[in-house]
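Welcome, and thanks for taking a look at this one with us.

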Amino acid sequence: MLLLGVVGLVTTVPTPLDQITPRDGERCGYDSCTEAEPGVLNVHIVAHTHDDVGWLKTLDQYYYGSRNNIQKACVKCILNSVVKELWDDPKRKFIYVETAFFWKWWVAQPDSVKSQVHTLVRQGRLQFVGGAWSMNDEAASHYQSTVDQFTWGLQKLNDTFGECGRPRVGWQIDPFGHSRELAADLASMGYDGLFLGRIDYQDKAQRLRERTMEVLWRGSDDLGKSTDIFTGVLYNTYSPPPGFCFDVLCDDEPIIDDVSSPMYNVDAKVTMFLEYVLLQSKYYRSNNVLVTMGGDFTFMDAFMWFDNLDKLIKYANLKSAKENLKVKLFYSTPTCYLKAVKDAKPSLPIKQDDFFPYASDSTAYWTGYFTSRPTTKRMERETNNYLQTFKMLQVLTNLPESNMFILNELKSAMGMMQHHDAITGTEKQHVTHDYERIVARAVDDAYIIGNQALNKLVKPETSLVYERCEFNQSQCSVTERSQAFVVTVFNNQVMPKDSSKIDLPVIGEGYSVYDATGTNIPCVIQKLSSEYFSMPTRQSNATHTLCFFAKNLPGLGYKNFYVKKDTKEKRDTKKRYDYYSNINDYWKDIRDKTEVDIKNVEAETIVGKSDTNVLEKVPVRDTLNIEVHDYDRDINWDVLKDGDENNEEEIQGIVKEASKKLVEEMAQVNKDSKTVFPRMSDDEMRMLSDDPRMSDEPRISDDPLVSDDPLVVEAPRDIVLENDYITLAIDKDSGWMSYSSKTEGSTLNYLPVPGYYIGCEGDNKAPANRSSGAYIFRPNMTSSPDLITFHHFAITNLVQSDLQEARIHYDTSVCLTVGLKDDTVYFSTILNIDQGREYALRFQTDLKTDGAFYTDSNGRQMLKRIRNSRPQWNVTLAEPIPGNYYPVVNEIYIEDEDLRVVVNVDRARGGASLKDGWFEIMQHRRLKHDDAFGVGEALNETVGGKGLYSIDTVMLQVVPKTKNNLINAAVRSLQFFSEPQLFVAEAPFNLDKFKTMKNVYSFLKTDLPKGVHLLTLEPWKNKILIRFENYLDKELSHDYVSVDLTKVFNTIEIGSIKETTLAANVWLEDYKQWEWKTDEEFSENLNKEYGNEDVYRAKDRMKYNDDGLIIKLRAKEIRTFVAEYRVKN
């Protein structure tokens, strides 16, 4: 029985207005299937259309049939035509997949058409498969967003059609690789089977040889048997057999059965088809084969299809009966095919890993889309955070039900973004713009929920108007225009957060920050990096960024801060210390000044003084407890300008003596403040070769990142960043970083290496001429793992009080900021790349990793990867670089026996380990050519003729491999995925009024156990939908963790709960998982087995009973409940 009270048992007598309950003689689902006959080959003819929710055209263009000069496609026409043809003949069947399109069509239909569709669904003639809002990607999508969009699509089908509208199988026929996590999720949603279209060409060849095209796939080692799901690989992706596409888009000959016509072709067509299916049957284990009849946007004229399929079925069955061929053709669906295979009781091979990476031929590795359009991927990540927050606030602050329209708009936008040509970045540019338009509008509209909820909580004297800002590119009209404003930092995680770094774009330098009690707290004001002023997408007057730390944020709650612009007269802020991006500017400055401050070691950094609000230059913290000295400012550089009047030895002596004095005194200064002058090119060296100011002792380095050019001034070796947890020393010559943990004693040397690959350029007429494109990553090198790196870089020290950062400029295209946050190191990169390049950030360590590294599956479980290897088949890699890239949604790590080095990403990426101790993530791609897989244009994102900037952040964790440290690393990873959100509003009141507001609040009654995650809290008609997750794996978790639902929330009280499957469309008590016979047993732990031999076989997981409203969560378990509740006064 399904949820929401819309479905009764099928034996219920329908009321006159009941369109859902089957009438006498009507059957849907498995009961509507044509029985497969034993002893014959049962050919299941599956009529279908694959309708992308945006790709070459936008969603609306596809739906209405607009812009057919791009692609002939009209989804509205498809549904209109199919319904008519199904209604005309009860033998016909059809499947539909994308609820986004179906719902757009459904709400526009008259009651007469809706009544027909209800009948077709009740009789099993129109069946839904998949049923999510879109057919989601499986590489770049996060499991939270996937679960949400399935829940949203299935809710629509359940509300409208009840049990008969319930999809029984997953239908992932077009995504470019398949994830283990989705298999686990679909099993947990109650799907009985899953069908795939695309798998690696070498994998498929072996599966055909070994008859392993259908398997039992285990989705999770931690959850075991409950995540097993039948998985079938379709024989011909999702296309019809060659010669049998009966569509207006195809050129194949129709079946002509007029014997008087010279074009009569029944015998030839039937013979060709029977030969095809008999060949196909050799590769499958039961006496059933599934033949897909349809393709991209087919069935706009459904009559053409059904007329020819009617003939094919009729004449093939006649021929089979006449010649005793033992073949039977009939209309079917994937649901009915699955039932037939189950009834045949085959023994299935097992699968325990995933289907990544996907290659369609030897040079076409579909690993570029893991990274393509990184700004869109970031937008999707941020929007998911908004969606979760607004759903929670709608419930916890008891907002009006009228808000559901805008909340549903945001759900629909996020469901669309999970589509396998949306979050992947594999669509045309104008479609990208449309995706972003839809998402931005939905977030803007949903901001009313944030405004209502926060004003209700904060209770200001005058209502606050929160406005959305583009913090990622330092753009916010509120913080730029306001004399005073409120910053609400909302943490939608149930875990408290010790500290969160807040960066706000501002104009000028004089600001003060006050915490929730009205106490003035330290802040730092920095001039924005020059890259921000060149961004064509940035519309901002901000010149600086205001930084402070929001400390002790409550779980599932907020804290307010008050920021005001100082009115006192500011000090002279004339620039004193210059950063030189070009060595010629440095020498020009020397020649133009009568006296030059050669210190040049502090960034243009201002600190707001806590007590007096007077801005002043503050010395860096003396982390080495060494007295800070002033530099000697008395060197008279005029003597160098009059070099003709001095002999060479005298000048060199002056320079060496001054340099010696400078080095000695800089060695006494806090290492946090050291920087390096820009190095010079060979041409610049030749230009200055006769200048007596140059040192005659060049310094040579073997490091590939270090130039052999002599430096202008010798300086101390390290820049040191330090906080209460860690010390990070940066070698200013090589870029190597030495990490040391104060709490754990662990150390690690690593080198961050920004660089790029040059994408291949070709005509795509043969595999050897394949271009790198939106889908395909193909660098113009095959064997070397080396990136093209930058030999010149300059480091600027930004250390001030709690702000521990250094900025490294490489070339003109990469600016890397390195900073400390508690016991982690973050790397923020601003990229402005040239066309034809694919940028990556590599980390080099000396860890002994034996070719192994680990990447997440949709942000949840971790999978072991071994370089140049696959778990179930022997791979041959003509392209070893892209062939070793895997999707990274949240995390990638390498490890040895003692230490794990983790990098968390702020959006979906591609990642790899191409050499032991090394691992890398791709950051941005801008290419010159299409890869000939359909998009028809190069992946070349520009704005105003300039390349699109990408600004990203990754977090690096160095984790000693103890249980407690690994648990803490998992906590940090989850917090990084969903960082606290900033809501800013102009303050129409002074600080005294601010102090009277409720400036800190948590919706939690008590802290929840470590490992518990509130995955979902949202309105569910007059109830709520709630999901709790134990995000720790079984090696880190207890047998279970308990959550007392009566003690979770402050503003609502849960009265009763009823558990559902993961997508909340079936009561859990009504779902029974199918069981299959397998060729062998599953491994207890695939990661341990892969690359090793002796691993235990899997055991069934123990189940634990709840105690009333005290629920128990096993390792990696997600549990979903519909709950009755009341709002507390």
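The chain exposes about 42400 Å², and carbon and sulfur atoms supply 47% of that area. Please keep in mind that this is a predicted model. Of its 1129 residues, 64% count as buried.

**The chain as a whole**

- The secondary structure comes to 21 helices and 51 strands.
- Take the contacts between residues at least 6 apart in sequence: 76% of them join residues at least 24 apart.

**Helix α4**

- Helix α4 covers residues 111-122, twelve residues in total, and from first to last C-alpha it reaches 16 Å, close to the 16 Å expected at 1.5 Å a residue.
- Its buried residues are V113, V117, H118, T119, L120, V121 and R122.
- Just after α4 comes G124, where phi is positive at about 75°.

**Helices α5 and α6**

- Helix α5 (residues 143-161) and helix α6 (residues 180-189) have axes that come within 11 Å and cross at roughly 35°.
- The crossing of α5 past α6 is right-handed.
- On the α5 side, the contact is made by Y143, T146, V147 and F150; on the α6 side, E181, L182, D185, L186 and M189 take part.

**Helix α12**

- Does the length of α12 fit what its residue count predicts, or depart from it? The 14 residues of this helix (404-417) should span 20 Å at 1.5 Å a residue, and the end C-alpha atoms are 20 Å apart, so the two agree.
- Twelve of the 14 residues of α12 are buried, which means that the rest of the structure largely encloses this helix.
- The buried set includes charged E409 and K411, as well as the methionines M404, M414, M416 and M417.
- Also buried in α12 are I406, L407, L410, S412, A413 and G415.
- The packing partners of these buried residues are the helices α1 (59-64), α5, α11 (374-396) and α13 (429-458), along with strand β45 (1012-1020).

Terms used: Residues numbered from 1 in each chain as written. Predicted model: local features only at pLDDT ≥ 70, side-chain atom pairs only at ≥ 80, totals over all residues. Heavy atoms only, no water. Axes fitted to C-alpha atoms, helices over the stretch in contact; angles between N-to-C directions. Helix = DSSP H or I, 4+ residues; strand = E, 2+ residues; numbered from the N terminus. Left-handed = near helix turned anticlockwise from the far one by under 90°. Contact = heavy atoms within 4.5 Å. Expected span 1.5 Å × (residues − 1). Buried < 20%, exposed > 50% of the residue type's maximum accessible area, 1.4 Å probe, protein only. Areas by Shrake-Rupley, 256 points an atom, 1.4 Å probe, with all protein chains shown as cover.
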